[in-house]
Amino acid sequence: MATLQDIALAAAINILSACIFFLVFAILRIQPFNDRVYFPKWYLKGLRSSPTRSGAFVQRLKLFVPIAFLAWAILVPVNWTSASNTLAQSKATYSDIDKLSISNTPLGSERFWSHIVMAYAFTFWTCYLLQKEYETIATMRLQFLASEKRRPDQFTVLVRNVPPDADESVSELVEHFFLVNHSDNYLTHQVVYDANKLAKLVKKKEKMQNWLDYYQIKYSRNESSRPFKKTGFLGLWGNRVDAIDFYTSEIEKLCKEISVERERVTNDPKSIMPAAFVSFKTRWGAAVCAQTQQSRNPTLWLTEWAPEPRDVYWHNLAIPFVSLTVRRLIIAVAFFFLTFFYMIPIAFVQSLASIEGIEKVVPFLRPIIEKKFIKSLIQGFLPGIVLKIFLIVLPAILMLMSKFEGFISISSLERRSASRYYLFNFVNVFLGSIIAGSALEQLNTFMKQSPNQIPRTIGVAIPMKATFFISYIMVDGWAGIAAEILMLKPLIIFHLKNFFLVKTEKDREEAMDPGSIGFNTGEPRIQLYFLLGLVYAVVTPVLLPFIIVFFGLAYVVFRHQIINVYNQEYESAAAFWPDVHGRIIAALIISQLLLLGLLSTKEAAQSTPFLIALPILTISFHYFCKGRFEPAFIRYPLQEAKMKDTLERAREPHLNLKGYLQTAYIHPVFKGDEDDEEEEILGKWEHDGELVPTKRQSRRNTPLPSKFSGSSSPSLPEVVEERGQP
């Protein structure tokens, strides 16, 4: 059990680490040769300025600063000045920090009314801020959508699960369907190819080309000796060959393979997926199509807004739609077992990350461990760093799971990974640490108590786990956030590339790796601190200053990174905010339920029922916000679409929209230097914008009931004849 001295030592270590990171960053950032690492946005956007900041710095911390002020002004004195020695009487393991928590309040005390009143105050304040933020962000989103420049995804929908037809290809079927059902707005379409094998070959060729460039540069610097390499794994064994000749030969082979595979993809009907990107003449037409059901059968002709081209995850477009449900079921089961089994090593390591646990495993180290400094270091620093290490590989695992599920955009991949990361943090980091850690620490007490006393001991022990979370916040939230600004990995990689591979200015630009903010890791990480802050605000207010320091450091670091470094892969227009809002609401409800359970062990029968209304009010508030603001984040108002279309036609009456959209959603592997092959692909979906005859021999698969027939549409030649056209 960490003491105040242990926490103070851990705080000193983490503050010193953070200061060192900031100092090293301050030195490295002023070196001109590091500009492309610490200020890559200047080169990508042509900017060298920082946007002004409005408002005081403390306004950026408007949630937890008032909560901390009230908690320390009211709850800490209430807990500290309790008349009876509740913790000593409970025979539980505790430290001086726990005397500031609710655990020190006597059983059945009237003082619990102050905790309940503060729970209401914190909930109302949080909900008030959430409502204001939701309203502000929803307004900003609509203003952004109304003012942003033209983008292909504003005019394009993705249609999936196109039904098979014996008489028409997928491209012809899509064209026919949308000419019939969206005749006034349909403009063009691009079918989806299964080009995953081709993409792998292209990627392999690029890798080979990089090595060839490396060896050619190496040879140009010293032409007295040709570079050699071994052909085995990682160049560790195998035949020794001339490196330049080897890679030149390999690239030539790959070029032939790529040419053959490209020909197969463009000519084999099996390579065309039952999906297409369909573009419309207006945003209004795209909005109508994306937000409506297209056929009687709700499982066919499924439409959704197309991601912007840079947001498309092309690999998953080749996954058959019918397999998505099975894939997601498999991943749901896999995630359950991952979460469950991950708790076992975390609980085991938590038991070892204490003085008693280490002494049991390695008793010969007891004389060293019992030294005052070492003991404080272990109890205040070790638990947090161990948990941080265990979570390093988790984001990569969760992203692989999301990719296997078949999401078609980078944003949706990150969104799903973020939700799973948050759930994992809640189950393993929060609940797992509390339940496993508390149970292990109080095991001796449990063994000596009667069964009816165990719930009370757990109720007292849960607030005591605040010392562990304080340790974790300092390791991950202080030193970890400060290390983010140093960007050590991109710094090393850039200079290695710059030294070995860069020979032109273009090469130097490609060596830059600004990265992105990483919604799948950053947002769940911050949400964990919201959860900890809201849960412990009433239970153990001493944790709140550590949370505030984290948010202060995070604001400073991420503000710099967003302005100067990160180059976001896509523009979401704040589409993720409903998820953020929902998780903060979930944290509020969790904090209320835990407080309700905790007070039930404190013999506060008179005051506890007043907490029951709090989760009900919070859930009602959530549904109010969901109904009032969420539609702005999931649907595009037709009024806004029509207004933007009208303004665009007035400003650019001669805009060639078809030319703008024609190649927007071509698979990147087709956008190479082979112009003739690209033109051949484009020709497969080029059309003149007029109605075309269908190749269908029967009417059974015609997609739309129409005014010409009671059950199904006639083929287009019949329609043309009935209209009296040649």
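A charge is taken to sit over a ring if NZ of Lys or CZ of Arg is within 6 Å of the ring centre and within 35 degrees of the ring normal. In this predicted model, local features need pLDDT of at least 70 and side-chain atom pairs count only at pLDDT 80 or more, whereas totals for chains, interfaces and linings use all residues. Residues are numbered from 1 along each chain as its sequence is written, and side-chain values use heavy atoms, with hydrogens and water left out.

Arg-420 lies over the face of Phe-335, at 5.4 Å from the ring centre, and Lys-642 lies over the face of Trp-284, at 4.9 Å from the ring centre. The structure also holds 36 aromatic pairs, where rings of Phe, Tyr and Trp (its six-membered ring) pair if their centres lie within 6.5 Å, and where planes under 30 degrees apart count as stacked, over 60 as edge-to-face and the rest as tilted. The ring centres of Phe-469 and Tyr-536 are 5.9 Å apart and their planes stand at 55 degrees, so this pair is tilted. The pair links distant parts of the chain, since Phe-469 belongs to helix H19 (residues 466-486) and Tyr-536, 67 residues apart from it, to helix H22 (residues 519-539); helices (H or I, at least four residues) and strands (E, at least two) are DSSP runs, numbered from the N terminus. Both Phe-469 and Tyr-536 are buried, a term that means under 20% relative accessible area, with exposed meaning over 50% and partly exposed in between (1.4 Å probe, protein chains only). One aromatic cluster is formed by Phe-64, Tyr-529, Phe-530, Phe-550 and Phe-551.

Strand S1 (residues 156-160) is mostly covered, as five of its five residues are buried. Thr-156, Leu-158 and Arg-160 lie on one side of S1 and Val-157 and Val-159 on the other, and both faces are covered. Two strands pair if DSSP finds at least two bridges between them. Five bridges join S1 to strand S5 (residues 272-280), and these two strands run antiparallel; within S5, Ala-276 is the bridge partner of Val-159. Four bridges join S1 to strand S6 (residues 302-305), again in an antiparallel arrangement, and here Arg-160 stands opposite Leu-302.
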